[in-house]
Amino acid sequence: MKIGIVCYPTYGGSGVVATELGKALASKGHEVHFIAYKQPARLNYFVQNIFYHEVGIMNYPLFEYPPYETALASKLVDIVKFQQLDVVHVHYAIPHASAAYMAKQILRQENIEIPVVTTLHGTDISLVGKDPTFAPVVTFSINQSDGVTTVSDSLKKQTYEFFAINKAIQVIPNFIDLEKFKKYNKDHFKKVIAPNGEKILMHVSNFRKVKRVEDVVKIFYKVLQKAPAKLLLVGDGPERRTAEQMCRELGGCSHVHFLGKQDAIGELLAIADLFLMPSGSESFGLAALEAMACEVPVISSNVGGIPEINIHGETGFLSNVGNVEEMANHALLLLQNDERLQQFRANALAQAKRFDINHIMPLYEQYYEQTIEQLKYLDVRHKI
Ligand code: GMT
């Protein structure tokens, strides 16, 4: 198949999923065309059947808000037509689904029917999408997509709850490449961070409010009162300053390391004993799955899709959002009992294997084929 993938090119979860999916599809022989405003972060090497098309925007003094959606729709028209794509798969509804709808209508005028699959990732539904600023367009463009997928059951339920959707939604969970995310031996690095055998807690995110990084710091300091520990904070974003300030006020800054944005997450997870994800909203929690693949149990909140991956009492523990006391106690249950920690580590890996990219990627292939076939059938019926 010739597949167009539209995504955010940054480190956000939806862009990571889109890029890894595209790479996996290409390795199975499909021709994949990425369409974005910048080269996707994880698309950092040359592959014969992967192409990248940049959406450029013409600057004009009148454009206080550059019309990206229009530029994307125009780019899509061009790529679908000249690369003869079979399907366009957009990740994150805003503004990708409505741009694809616009492109579809333009192409229809030229007798080209392009199936559009929209994958909803999380905040495009739970936070930004349901805001009245966007809601009517999000509802319309989901209903106009030929196929719609969500990354968890929970997100599917939320989509039906928040919007008037008249389409069947297919759940295709996020996935993990177990070749890349596995437990590496990084004992030398562990000794640098935790020279006296302290336990290492880790958090990875884009430090947005929804990630509740303040709770991460609070949990850590509660743990530190009872057990020697270190905290690794990976990533960057608006809440980093607040977290840094909290550490200074609470003292013991030497126990907390802010590592900023990092590429080699798997190598950092290799030295972690626990992963913290106290998010206020999370459609799936890809970062938790990455931790589990590296044999790191997860202490998390119980919102959204997190319970679909983190199994309470098996691969980690779940608590209500904001219950930092309980989260710290859960962490200590594992940090103070090595045998239990080892068991949870093994369980985490076993659970991550259920989301192996080799099982999940074919679900997208089948879904594309099914969507293409359905559209052909509808087109024939329309012409009769
Ligand atoms: O919150 C992020 O990290 C970015 C955001 C996105 O859409 O780019 O992530 C969402 O999609 C990820 C990939 O499907 C999920 O793993 C995250 O749980 C989800 N984030 C939220 O729902 C807050």
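Colleague: Of the 19 residues around the ligand, which come nearest?

Modeller: In this predicted model, the residues that come nearest to the ligand are His-121, Asn-174, Arg-208, Glu-282 and Ser-283, out of the 19 residues around the ligand.

Colleague: What does Ser-283 place 2.8 Å from an oxygen atom of the ligand, a backbone or a side-chain atom?

Modeller: For Ser-283 it is a backbone N or O atom that lies 2.8 Å from an oxygen atom of the ligand. A polar backbone atom of Gly-285 is likewise found 3.0 Å from an oxygen atom of the ligand.

Colleague: And what about Ser-14, which kind of atom lies 3.0 Å from a ligand oxygen there?

Modeller: In Ser-14 that atom is a polar side-chain atom, and it lies 3.0 Å from an oxygen atom of the ligand.

Colleague: Switching to helices, at roughly what angle do H2 and H3 cross?

Modeller: The axes of helix H2, which covers residues 68–83, and helix H3 cross at roughly 50° and come within 8 Å, and that angle makes H2 oblique to H3. The crossing in which H2 passes H3 is right-handed.

Colleague: Which residues make that contact?

Modeller: On the H2 side they include Leu-72, Leu-76, Val-80 and Lys-81, while on the H3 side Pro-95, Ala-99, Met-102 and Ile-106 are among them. Sorted by class, the contact of H2 with H3 has 13 nonpolar, 2 polar and 2 charged residues.

Colleague: You mentioned Pro-95, so is the peptide bond joining Ile-94 and Pro-95 cis or trans?

Modeller: The bond that joins Ile-94 and Pro-95 is a cis peptide bond, with omega at about -10°, and Pro-95 itself lies in helix H3, residues 93–109. As background, most peptide bonds are trans.

Colleague: What about Phe-207, is its phi positive or negative?

Modeller: Phi of Phe-207 is near 50°, which is a positive value in a residue other than glycine. Phe-207 is found in the loop between strand S8 (199–204) and helix H8 (213–224).

Colleague: Back to helices, how do H11 and H14 cross, left-handed or right-handed?

Modeller: The crossing of H11 and H14 is left-handed. The axes of H11, residues 286–293, and H14, residues 338–353, come within 7 Å and cross at roughly 120°, and the two helices are therefore oblique to each other.

Colleague: Which residues of each helix make the contact there?

Modeller: Leu-289, Met-292 and Ala-293 of H11 make the contact with Ala-348, Leu-349, Gln-351 and Ala-352 of H14. By class, this contact of H11 with H14 has 6 nonpolar residues, 1 polar residue and no charged residues.

Conventions
Residues numbered from 1 in each chain as written. Predicted model: local features only at pLDDT ≥ 70, side-chain atom pairs only at ≥ 80, totals over all residues. Heavy atoms only, no water. Axes fitted to C-alpha atoms, helices over the stretch in contact; angles between N-to-C directions. Helix = DSSP H or I, 4+ residues; strand = E, 2+ residues; numbered from the N terminus. Parallel < 35°, antiparallel > 145°, perpendicular 65-115°, else oblique. Left-handed = near helix turned anticlockwise from the far one by under 90°. Contact = heavy atoms within 4.5 Å. Nonpolar A, V, L, I, M, F, W, Y, C, P; charged D, E, K, R; others polar. Near = heavy atom within 4 Å. Polar contact = N/O pair within 3.5 Å; in protein donor to acceptor, adjacent residues only side chain to side chain.
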